[in-house]
Amino acid sequence: GNTLTYMSCEDTSAKQIEQIENYISSKCDVIMVNPSDPNAIENVCKQARDAGIKVMCWDNNMKNTDINWVIDNQKLGYMIGEQASTFINSKFKDGKCEVAVLDYPQTEILLERENGILAALKEKAPNAKVVAQQPAINATEGINAMETILQAHPNVKVVCCIGGGGAVGANEALKSSKKIADDVGIFAADATNEELAAMIAGEANRMSVMVTGTPKVIGETVYKMLSQLGNGEKFDNQNVYREIFPVTVDNAKQYYNK
């Protein structure tokens, strides 16, 4: 009985502001926004709430919202580094090995994730050495970054990635370089189908942190929250944190969508 209207701002704040203004004019009940720049849309989201419209933000800790559906990115990054450390300590004498990190520091929440990775490695695998850090947000960037790293540091055994795109690319680069081995591992987040397929196939992807669950679970969870907002229900806290958990070869088939 509900109606959903979806628009993409194509990562342009001016366009996103205009879209939210149009939603306000249409007198909708709830707006969910994935911000191009959260600071740029604070004022227009305030206008929406002043007009009696409920506002939900996906991924950012905004002020002028009813709820923010967010990830504790420091905690998520720490989980990546922690899982990588367990692998390092089980595969290498005294936990000594070379590690590369595929990061994306230009995005604040992904910088938090990177810091979590580095903190866990320092604490849990102190004898491992991070020899390279390169930005990679998608598979193409992951391939290019990993190829560059392997040229300078051919003995890299472990790769920690802030997201699944870089992880998929790193796996392809390692395959092309014929470096897939029992003591080589990629640890990341998103648990994309490509990552899970590589795990099941026995390639370099060893673990990826899943956030909330499969796309179907995510959709159902979001729809429930939007319905609750539309029905006037209150949430205990403005920030609603998403569940995170590791997916490995042991449970990858459970989440893999053939």
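**Entry 1: a pair in α2**

I began with lysine 46 and aspartate 50, which both sit in helix α2 (residues 38-50), 4 residues apart, or about one turn of the helix. Helices here are DSSP runs of H or I with at least four residues, strands are runs of E with at least two, and both are numbered from the N terminus. I kept in mind that this is a predicted model, where local features need pLDDT of at least 70, side-chain atom pairs count only at pLDDT 80 or more, and totals for chains, interfaces and linings use all residues. Residues are numbered from 1 along each chain as its sequence is written, and side-chain values use heavy atoms, leaving out hydrogens and water.

How far apart are the closest N and O atoms of lysine 46 and aspartate 50? I found 3.0 Å, and the two form a salt bridge. That term asks for a side-chain nitrogen of Lys or Arg within 4 Å of a carboxyl oxygen of Asp or Glu. Lysine 46 is partly exposed at 39% relative accessibility, while aspartate 50 is exposed at 58%. My scale for this: buried is under 20% relative accessible area, exposed is over 50%, and partly exposed lies in between (1.4 Å probe, protein chains only).

I searched the whole structure and got 8 salt bridges. One joins aspartate 66 to arginine 49, with the closest N and O atoms 3.2 Å apart. This pair links distant parts of the chain, 17 residues apart: aspartate 66 is in the loop between β2 and β3, and arginine 49 is in helix α2. Arginine 49 is partly exposed, at 34%.

Another brings aspartate 182 and lysine 91 together at 2.7 Å, N to O. Here the partners are 91 residues apart, with aspartate 182 in the loop between α6 (164-176) and β7, and lysine 91 in helix α3. Aspartate 182 counts as exposed at 54%, and lysine 91 as partly exposed at 32%. I also noted that Glu172, Lys175 and Glu203 are joined into one network by salt bridges that share partners.

Next I followed α3, residues 73-91. Its 19 residues reach 27 Å from first C-alpha to last, close to the 27 Å expected from 1.5 Å times one less than the number of residues. Its buried residues include Leu76, Met79, Ile80, Phe87 and Ile88. Among the elements covering them are β4 (98-103), α4 (108-124) and β8 (205-211).

Valine 209 touches Leu76, Met79 and Ile80, among others; a contact means heavy atoms within 4.5 Å.

**Entry 2: a sheet of four**

Last, I traced an open sheet of 4 strands, in the order β1-β2-β3-β9 with parallel pairing. β1 (30-33) and β9 (239-241) are its edge strands, each pairing on one side only. Strands count as paired if DSSP finds at least two bridges between them; β1 and β2 (residues 54-58) have 4. Methionine 32 stands opposite methionine 56 in β2.

Notes:
Lists of a residue's contacts leave out its neighbours within four places in sequence.
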